[in-house]
Amino acid sequence: MSINEEGKLLSMNVWENEDSVKRWRNIMAYGMSTKESRENLFESYKILETTHYDY
C-alpha cells in the first residue's frame, strides 16, 4: 500500500534482462485483461518500464 495515498499500491520489480521483462509483461498484460482482474482487483493500472545501465 502507498504510504502517502490510501488505496494506492506500488510494486517494483527488477529483472536480469529484457527478455525476462518481455515475458513478465506479456503474462501480466493477459492477466490484467481478464474480466475478473478488471472487475475485482484494480480500477486502473499502469506498467512503466525503464532501463538502468551502470557505467
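Ala, Val, Leu, Ile, Met, Phe, Trp, Tyr, Cys and Pro count here as nonpolar, Asp, Glu, Lys and Arg as charged, and the others, Gly among them, as polar. On this scheme, the lining of the largest pocket divides into 14 nonpolar, 10 polar and nine charged residues. The structure is a predicted model.

The largest pocket has a volume of about 1400 Å³. Its lining comprises 33 residues. Ser11, Met12, Lys46, Ile47 and Leu48 lie nearest the centre of this pocket. Helix α1 spans residues 18-33. This helix gives the most to the lining, contributing seven residues.

A nonpolar patch was found on the surface. Leu9, Leu41, Phe42, Tyr45 and Ile47 form the patch. Together these residues have about 470 Å² of accessible area.

Tyrosine 45 sits in the segment after α2, a helix covering residues 35-41. The relative accessible area of tyrosine 45 is 41%. Leucine 9 is located in the segment before α1. With a relative accessible area of 54%, leucine 9 is exposed, because the exposed class begins over 50%. The C-alpha atoms of leucine 9 and aspartate 19 are separated by 25 Å. Along the chain, these two residues are 10 residues apart.

The segment before α1 also holds lysine 8 and asparagine 13. Lysine 8 is partly exposed, at a relative accessible area of 46%. Its C-alpha atom is separated from that of histidine 52 by 25 Å. Lysine 8 and histidine 52 are 44 residues apart along the chain. Asparagine 13 has a relative accessible area of 38% and is likewise partly exposed. A separation of 10 Å was computed between the C-alpha atoms of asparagine 13 and tryptophan 24. In sequence, asparagine 13 and tryptophan 24 are 11 residues apart.

Arginine 25 lies in helix α1, the element that gives the most to the pocket lining. Arginine 25 has a relative accessibility of 28% and counts as partly exposed. This value does not fall under 20%, so arginine 25 is not classed as buried.

Conventions
Residues numbered from 1 in each chain as written. Predicted model: local features only at pLDDT ≥ 70, side-chain atom pairs only at ≥ 80, totals over all residues. Heavy atoms only, no water. 1 Å grid on protein atoms, 1.4 Å probe; cavity = no way out; pocket = protein on both sides within 12 Å on 5 of 7 lines; lining within 4 Å. Points joined across faces, edges and corners; volume = space filled by probe spheres on them. Helix = DSSP H or I, 4+ residues; strand = E, 2+ residues; numbered from the N terminus. Patch = residues over 30% accessible without salt bridge, like charges linked within 9 Å, V, L, I, M, F, W, Y side chains within 5 Å. Areas by Shrake-Rupley, 256 points an atom, 1.4 Å probe, with all protein chains shown as cover. Salt bridge = Lys/Arg side-chain N within 4 Å of Asp/Glu carboxyl O. Buried < 20%, exposed > 50% of the residue type's maximum accessible area, 1.4 Å probe, protein only.
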